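Subject: Model for you to look at

Hello,

Here is the structure I said I would pass on.

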Amino acid sequence: MSSPKQPQLNGAYYGPSIPPPSKTYHRPGRGSSCNPLSCLCGCIFNCFFKILFSILLTAGLVLFLLWLAFRPTRVKFHVTDAALTQFNLNTTNATGSTLFYNLDLNLTIRNPNKHIGIYYDRIEARAFYGGQRFAVDTLTPFYQGKKNTTELNVAFQGEHIVVNDGSLYDSEKGSGVYSIDVKLYLRVRFKLRAVKTPRFKPKIECDLKVPLDSNGKASSGTFQTTKCGLDW
């Protein structure tokens with residue numbers, strides 16, 4: 001009896017395929033060595049920022065303690081008197097008018113602090129009417145001592161072309177009292193013993209109701225002392 005016939009094999013059989021060898025990557029750990037120059041630069045920057053942070057923290061703490069010790073009080077500004085002897089608006093064309101003005105102000109600045117002096121390095125006074133600036137006066141710089149009141153004179157005189165909007169002027173002309181805003185633009189430094197601060201630029205706003213004087217007499221009432229607002 002013949003044995004069963006074996007099937008024909010198609011090609012040689014080599015067994016299961018062998019996967020390619022895996023590639024390994026070496027990743028340096030924390031303990032691995034680094035470039036000496038990079039390590040030195042990193043150390044220098046870390047030390048620099050730590051020192052800078054310590055200095056800023058110390059300076060802030062010192063300033064806070066000084067503030068707690070001396071409790072600085074806001075400087076007070078008042079316009080104690082105002083003399084308006086001319087305030088005429090003459091129409092020159094369809095879009096503009098000429099404002100003729102003569103305004104003198106007495107201004108007091110009160111420094112109530114016991115330990116702080118103030119350097120006024122620049123004082124520029126600007127006058128506005130109906131939101132339009134019409135005059136500028138620059139005052140002489142000065143130093144104000146502790147617990148001191150300083151009196152200043154501000155003078156606006158001349159003429160200026162303004163945009164034609166006579167509605168406000170016409171309404172106030174009848175009463176003879178004009179709404180004039182005076183703003184002071186300052187550059188100041190504070191002095192605490194031998195220490196001087198950097199310059200600050202506060203703005204002072206004085207909303208005034210000024211009666212027009214006629215031959216030495218106000219057309220309607222007298223000027224009332226006005227406290228100015230302080231914008232730091």
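Lysine 147 counts as partly exposed because its relative accessibility is 45% (buried is under 20% relative accessible area, exposed over 50%, partly exposed in between; 1.4 Å probe, protein chains only). Lysine 147 sits in the loop between E5 and E6, and has a positive phi of about 45 degrees although it is not a glycine. Arginine 193 also has a positive phi, of about 60 degrees, without being a glycine. Arginine 193 is in the loop between E7 and strand E8 (195–196) and is exposed, with a relative accessible area of 63%. Most residues other than glycine have a negative phi.

This is a predicted model, with local features needing pLDDT of at least 70, side-chain atom pairs counting only at pLDDT 80 or more, and totals for chains, interfaces and linings using all residues. Residues are numbered from 1 along each chain as its sequence is written, and side-chain values use heavy atoms, with hydrogens and water left out.

On confidence: the mean pLDDT of the chain (the predictor's confidence in each residue, from 0 to 100) is 83, and 76% of the residues reach 70 or more. Strand E11 (residues 217–218) has the lowest confidence, at a mean of 53, and strand E5 (residues 142–144) the highest, at 98. Where pLDDT is low, the predicted coordinates should not be read in detail.

The chain has two helices and 13 strands (DSSP runs numbered from the N terminus: helices are H or I, at least four residues; strands are E, at least two). Of its 232 residues, 28% count as buried.

Leaving out residues up to four places away in sequence, Phe134 touches, among others, Phe87, Leu99 and Ile180 (contact means heavy atoms within 4.5 Å).

Asparagine 111, in strand E2, counts as buried because its relative accessibility is 0%. With residues up to four places away in sequence not counted, asparagine 111 touches Lys147 and Asn148, among others.

Regards
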